[in-house]
Amino acid sequence: MDPTPFAERVLEAVESVPPGQVATYGDIAEALGEGGPRAVGRVMALWGGGVPWWRVLRADGTPPPGREREALRRLAAEGVPLRGDARVDLARCRWAPG
């Protein structure tokens, strides 16, 4: 199944999040001006493997479920600050589009 036009826009937005920064599912939806966090999450679950998926987090700063260890490892390698051992410090590294 090919990505929908909305999915293509989500994936392009995720690709624009620079190393060392992160966005939430809601941030991506807001940047696009369409969909919502769940719609972005669905796109990432279906087609997100080819983009830096680890840079897209839940609103509380935690990585996608089931991929926490790999995401946190990749984020740490990019110098993303963590709060504790399982949550990103969004205040310090949240991506601002544009």
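Arg 74 is partly exposed, because its relative accessibility is 26%, and that lies between the cut-offs of 20% for buried and 50% for exposed. Keep in mind that this is a predicted model.

Arg 74 has a salt bridge to Glu 70, with 3.0 Å between the closest N and O atoms. Both residues sit in helix 4, 4 residues apart, so about one helical turn separates them. Glu 70 counts as partly exposed because its relative accessibility is 27%.

Glu 70 also meets Arg 67 in a salt bridge, at 3.2 Å from N to O. Arg 67 has a relative accessible area of 37%, so that residue is partly exposed too.

Now to another pair. Arg 92 and Asp 89 form a salt bridge whose closest N and O atoms are 3.8 Å apart. Is Asp 89 buried or exposed? Asp 89 is buried, because its relative accessibility is 14%. Arg 92, at 62%, is exposed. In the whole structure, the search finds 7 salt bridges.

Next, Thr 62. This residue lies in the loop that runs between strand 2 (56-57) and helix 4 (68-77). Thr 62 counts as buried because its relative accessibility is 13%. Its side chain makes a polar contact of 2.6 Å with the side chain of Asp 60.

Last, the surface charge. Asp 2, Glu 8, Glu 12 and Glu 15 form a negative surface patch. Of these, Glu 15 is in helix 1, which covers residues 5-15.

Definitions and conventions:
Residues are numbered from 1 along each chain as its sequence is written. This is a predicted model: local features need pLDDT of at least 70, side-chain atom pairs count only at pLDDT 80 or more; totals for chains, interfaces and linings use all residues. Side-chain values use heavy atoms; hydrogens and water are left out. Patches are made of residues with over 30% relative accessible area and no salt bridge: like charges are joined within 9 Å, nonpolar side chains (Val, Leu, Ile, Met, Phe, Trp, Tyr) within 5 Å. Accessible areas come from the Shrake-Rupley method with a 1.4 Å probe; for residues, only the protein chains shown count as cover. A salt bridge is a side-chain nitrogen of Lys or Arg within 4 Å of a carboxyl oxygen of Asp or Glu. Lys and Arg count as positive and Asp and Glu as negative; His and the chain ends are not counted. The place of a charge is taken as NZ of Lys, CZ of Arg, CG of Asp or CD of Glu. Helices (H or I, at least four residues) and strands (E, at least two) are DSSP runs, numbered from the N terminus. Buried means under 20% relative accessible area, exposed over 50%, partly exposed in between (1.4 Å probe, protein chains only). A polar contact is a pair of N or O atoms within 3.5 Å; within protein, one must be able to donate a hydrogen and the other to accept it, and residues adjacent in sequence count only if both atoms are side-chain atoms.
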